[in-house]
Amino acid sequence: MALKGNSADGRTRSSVQIFIVVGLCCFFYILGAWQRSGFGKGDSIAQEITKQGADCNIIPSLNFETHHGGQVDSLDESEKPKVYKPCHPRYVDYTPCQDQGRAMTFPRENMIYRERHCPPEEEKLHCLIPAPKGYVTPFPWPKSRDYVPYANAPYKALTVEKAIQNWIQYEGNVFRFPGGGTQFPQGADKYIDQLASVIPIKNGTVRTALDTGCGVASWGAYLWSRNVIAMSFAPRDSHEAQVQFALERGVPAVIGVLGTIKMPYPSRAFDMAHCSRCLIPWGANDGMYLKEVDRVLRPGAYWVLSGPPINWKNNYKAWQRPKEELQEEQEKIEEIAKQLCWEKKYEKGEIAIWQKRINDEACHGKQDDSQTNFCKASELDDVWYKKMDACIAPYPDASSSDEVAGGELKPFPERLYAVPPRISSGNVPGVSVETYQEDNNKWKKHVNAYKRINRLLDTGRYRNIMDMNAGLGGFAATIESPKLWTMNVVPTIAEKNTLSVIYERGLVGIYHDWCEGFSTYPRTYDLIHAHGVFSLYDKDGKCNLEDILLEMDRILRPEGAVIFRDEVDVLIKVKKIIEGIRWDTKMVDHEDGPLVPEKILVAVKQYWTVGGNSTSSQ
């Protein structure tokens, strides 16, 4: 009997052991299957895309609905997407907020008519801006600095008007840019060499520059080889397409003017500002324009003025202007520079250079006058559609006479990942040193995923890049390269105002509200990155997602790419609208797997022009 009992117990133990082993096998099988469909799925997608080259078709095996059925089920699949038709060919170079016809209805005083005047809702275009017939992909950098295809911007006026100044020449089917300018007909390189004898351009101390009234941006184009990035602006005026030419060359530029509204940049943003015969009346309106430049200059930064009225005694005959008028003009500039406590470092020929003090220690007695009007420190970065005022931006506090107010920046490229002073001092609410470093690591991971999706990302195929919701600039910092530049946009409705941090990293950017048209010509960006933009505006409810997508289509080049990163339910709305636009798309899982609700939607704009010739991979 005892033997029978032992035998029964043994069979029971054996059954339990078998059950446990089978259970463990099933568990690890399921675990392995889940892991293979999770993190590794991004790699399998990347391999599939690699096989297809740069093609951006939807991958049939990608199935994100399985994990987010609720959001997908809410979509009415029977509803056909709205199809957007091409606009009339007369809109080929349409700039919504700088439309020439609308501009002429506004006062000319203080250049008001050249400022942003966006169409009301009922006048917005709901069509696709066509490319001109014969449009081609711009030349890669650095060839694009010197040559622009004629078909892309077929305007010859500047070749005649600026012929003796070496701005631009027409040669066959291309425009050639010899590098000249009104103040440097012998070339921008020699001119910059002259500036570099006073300004520390070579060692990375000067990284960000502002070019006011930039023409075709040759100054910014030739600064690039010295690792200086210039934000150039000029109005859309009688010099047709000057900003368009700049962007076709691959140089950062926007349509803009110094009028009555503050510039869309934060305070203490630029290491250098420049005016080369820019026709801005610096002495007018109690020095308002020069004080606005001072607002955006960092402590220790430089201002360069070349052309009238500098050295008027020797140049008034050549300029064909009265001596008295030029003398009064220069005296006003000198007086305002003294109020700003700038130090004049150089004057020779037609060039003068001033330097802003590193703090206000040396300014006591010059700015203590009861007549001096100081701006409110809390309003220095509140600029969107805010009236310019003839006030002086106060310096941040400094504890000693040799301390740089607001913090000293590392030379570039070290400053790209150094902790920005505004963060280390706690001046950006909600952003600590730790969160800044975490953000950098996150974007390195994200960009690695992008490179698996699109192998052309860092090859030079995309020169002009825009980040529509730049945050701390992590995306732009990660892709930083001499082959490309990024326009970092901080939306005016963003939770955190981080544009000043972006500039302290040695990057450039601008404030903008995506409910309105961007200050650029059509077809000026090769790649657009949109992280969280549509969640931001969908939640805000201020404007239609359709309007934002049509604006993206306007500024994106034919065969340019877009990378959306957003919540899946928002991307489904976006993708539904895109189906009516001439873009090819694919949806990709987050790099951490399909269970993450954030997804990536990649799109490529089809090539099509006036007259209807087009290409599509669909």
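**Note on the sheet and its helices**

1. Helix H10 (residues 288–296) lies across E4, E7 and strand E8 (297–306), at about 140° to E8. Helices (H or I, at least four residues) and strands (E, at least two) are DSSP runs, numbered from the N terminus. Contact means heavy atoms within 4.5 Å. Axes are lines fitted to C-alpha atoms, for helices over the stretch in contact; angles run from 0 to 180 degrees between N-to-C directions.

2. The model is predicted: local features need pLDDT of at least 70, side-chain atom pairs count only at pLDDT 80 or more, and totals for chains, interfaces and linings use all residues. Residues are numbered from 1 along each chain as its sequence is written, and side-chain values use heavy atoms, without hydrogens and water.

3. The sheet is open and mixed, with seven strands in the order E6-E5-E4-E7-E8-E10-E9. Strands pair if DSSP finds at least two bridges between them. E6 (253–255) and E9 (343–348) are the edges; each has a single partner strand, so one side of each lacks a neighbour in the sheet.

4. E4 (residues 208–212) and E7 (residues 270–276) run parallel, joined by three bridges. Ala209 stands opposite Met272 in E7.

5. Helix H12 (residues 323–339) lies across E8, E9 and strand E10 (351–355), at about 150° to E9.

6. The axes of H11 (residues 312–319) and H12 come within 10 Å and cross at roughly 130°. The contact involves Trp312, Tyr316 and Trp319 of H11, and Lys323, Leu326, Gln327 and Gln330 of H12.
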